Amino acid sequence: MDHTTEHDPIQLSLDAVTRKLHRPAFLSNLTPSRLPSRAASDSSLSPGEGPNAPHHHAEARSHERGHSHLNIVTLDDEVVDADLVLPLLQEPSADGSASAIDPSVQERLDAGFVGAREAYSKMASSFQTFAHGHQDLVLAVDFNYFGTRMVTASSDHRLKVWDKKEDSWSLVESWKAHDAEIVDVKWNGPFMGEVIGSIGEDGRCKLWQEDETEVPMSGNRFKLITNLASQTNAPFMSLDFKNIMQETWLALITRDGLLLVYEPTDQSSLNEWTSIAETWVCGNNPPERQEEVGFKVAFHKEKLPCWTAIMAGLDRKSLSLAVAAMNKVLVFRTDKTKRFFKVAELEGARQIIRDVAWANGSMRGYDVIASASKDGAIRIYELSTPRPDKVSTNMGASSNSAVVDTLSSPSMSKSRAPSGIGAGLAGASKGPDPVQDHEHGPGRISQVAKLVDELNTHQGAVWRVAFSQMGDLLVSTGDDAAIRTWKKAVNGHWLEYSEIGTTGDN
């Protein structure tokens, strides 16, 4: 063991979990036959796996105790932390609800999180400020897929890329990326090379690809490969990437509410892009020119959608996109023809929404989405898929809503009136719709959104929310200069269990 981690309680806990999860008895049980959605494709199975793989002794012991084999997980007669395992194995009970966790396991989990909180608090006390070297405010930061690289974007028009070296960050490249302040930046996924997307107040979205043959800090290491201009007079306000293996998509939204989704003309190259969808997300009520606006795009990052949605008919490669549009969140998915349709509107915010985030955990049986609002609240929604025999033809504003079509290479009118897919997304079709039975279209489903919690601990507006990799923790920050961490409790509510205070100088 490395001497630097010998006394690190967080690392010791992670090592303990890793030792449990790598045991053959656990791995041998993770066959597709035990996944309720059978979501793993044949091409993704390991050699020797298959739908008729035998169930092993851990499952048999749990049945002998009178429990579902998913209520608790045992390895060599030892209970494993179920919060780490259940997202992979959890299945619905007869009434459609998720299997409950055994109370004794829950007690152990609660005790574990108390210990984690104490260790986390000690770790937080050692945080240090980061000397970024920009000449103005840093407006956006993003990490690559593995967390080993970071990009910072600033009002000084520059991007900086950093590599993690042990406990510090070393500067790899710094260059002028835009002719105005840069408002958002994102790393693309790990399968298309080292690519960064940035947007600025100059009305441009630019993609930069690393050329490893160039010397670090030469100013030429990241090459401009795409330069997209805003189709309106307003600059872009948010961008996000979606990756499914070697395929990638790009979502953008402008400051006046025009949503655009692009895909590469050739998925093997990111040099040329084609627009596959566009709409005005505020419909016929665009924000006034001087009005403060809140627009944000966020793709669901996992390879597969929620398994209940797949079983209801949603395409396994469906794109799921959440769009913050002023004081509500619109949730879109694509059908089997890659046409977008709206499945939900998340309401309840009293002022503009500044951030929106999906939680990983496709196997939990429902989606979790969090929003951060200027009104000081974090709102958490659950998006579920009713069973076909329970789907109503009139499910209200939080359920499926028509989208009539998508457009390829659309020619934009400077008018704000929605048309084409815009009319469909806004629910205001310009004429007869040949696809009125959209609920019966290929891969289109109905979903129901429910506001399950509203967190008001922040003393002021909330700016950012993000979920942990497993979707069980939520981190937020706001005007009160505090970073707060939340965990879902047994009763379904999210409870704060950590707070890191910052000074006004940081």
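1. A charge is taken to sit over a ring if NZ of Lys or CZ of Arg is within 6 Å of the ring centre and within 35 degrees of the ring normal. By that criterion, the charged end of Arg364 sits over the ring of Tyr366 at 5.9 Å from its centre, and the charged end of Arg354 sits over the ring of Trp463 at 3.7 Å from its centre.

2. On provenance, this is a predicted model, in which local features need pLDDT of at least 70 and side-chain atom pairs count only at pLDDT 80 or more, while totals for chains, interfaces and linings use all residues. Residues are numbered from 1 along each chain as its sequence is written, and side-chain values use heavy atoms, with hydrogens and water left out.

3. Seven helices and 26 strands make up the secondary structure of the protein chain, where helices (H or I, at least four residues) and strands (E, at least two) are DSSP runs numbered from the N terminus. Of its 506 residues, 49% count as buried, a term that means under 20% relative accessible area, with exposed set at over 50% and partly exposed in between (1.4 Å probe, protein chains only). Among contacts (heavy atoms within 4.5 Å) between residues at least 6 apart in sequence, 54% join residues at least 24 apart.

4. The structure holds five aromatic pairs, for which rings of Phe, Tyr and Trp (its six-membered ring) must have their centres within 6.5 Å, and planes under 30 degrees apart count as stacked, over 60 as edge-to-face and the rest as tilted. One of them is the edge-to-face pair of Trp175 and Trp208, at 5.6 Å centre to centre and with 65 degrees between the planes. This pair links distant parts of the chain, since Trp175 lies in strand E6 (residues 168–176) and Trp208 in strand E9 (residues 204–210), 33 residues apart. Trp175 is buried at a relative accessible area of 5%, and Trp208 is buried at 6%. Ring pairs also link Trp175, Trp208 and Phe222 into a cluster.

5. In the pair of Phe467 and Trp494, the ring centres are 6.0 Å apart and the planes stand at 70 degrees, so the pair is edge-to-face. Here too distant parts of the chain are linked, with Phe467 in strand E23 (residues 462–467) and Trp494 in strand E26 (residues 494–501), 27 residues apart. Phe467 counts as buried at 14% relative accessibility, as does Trp494 at 5%.

6. Thr248, found in strand E12 (residues 247–254), is buried with a relative accessible area of 0%. Its side chain makes a polar contact of 3.3 Å with that of Asn188 and another, of 3.2 Å, with that of Asn243; such a contact is a pair of N or O atoms within 3.5 Å, where within protein one must be able to donate a hydrogen and the other to accept it, and residues adjacent in sequence count only if both atoms are side-chain atoms. Leaving aside residues up to four places away in sequence, Thr248 touches a set of residues that includes Phe241, Glu263, Pro264 and Trp273. The C-alpha atoms of Thr248 and Pro264, 16 residues apart along the chain, are separated by 7.4 Å.

7. In the model, residues 131–163 are 0% helix and 55% strand, with end C-alpha atoms 14 Å apart, and residues 455–487 are 0% helix and 58% strand, with end C-alpha atoms 12 Å apart.
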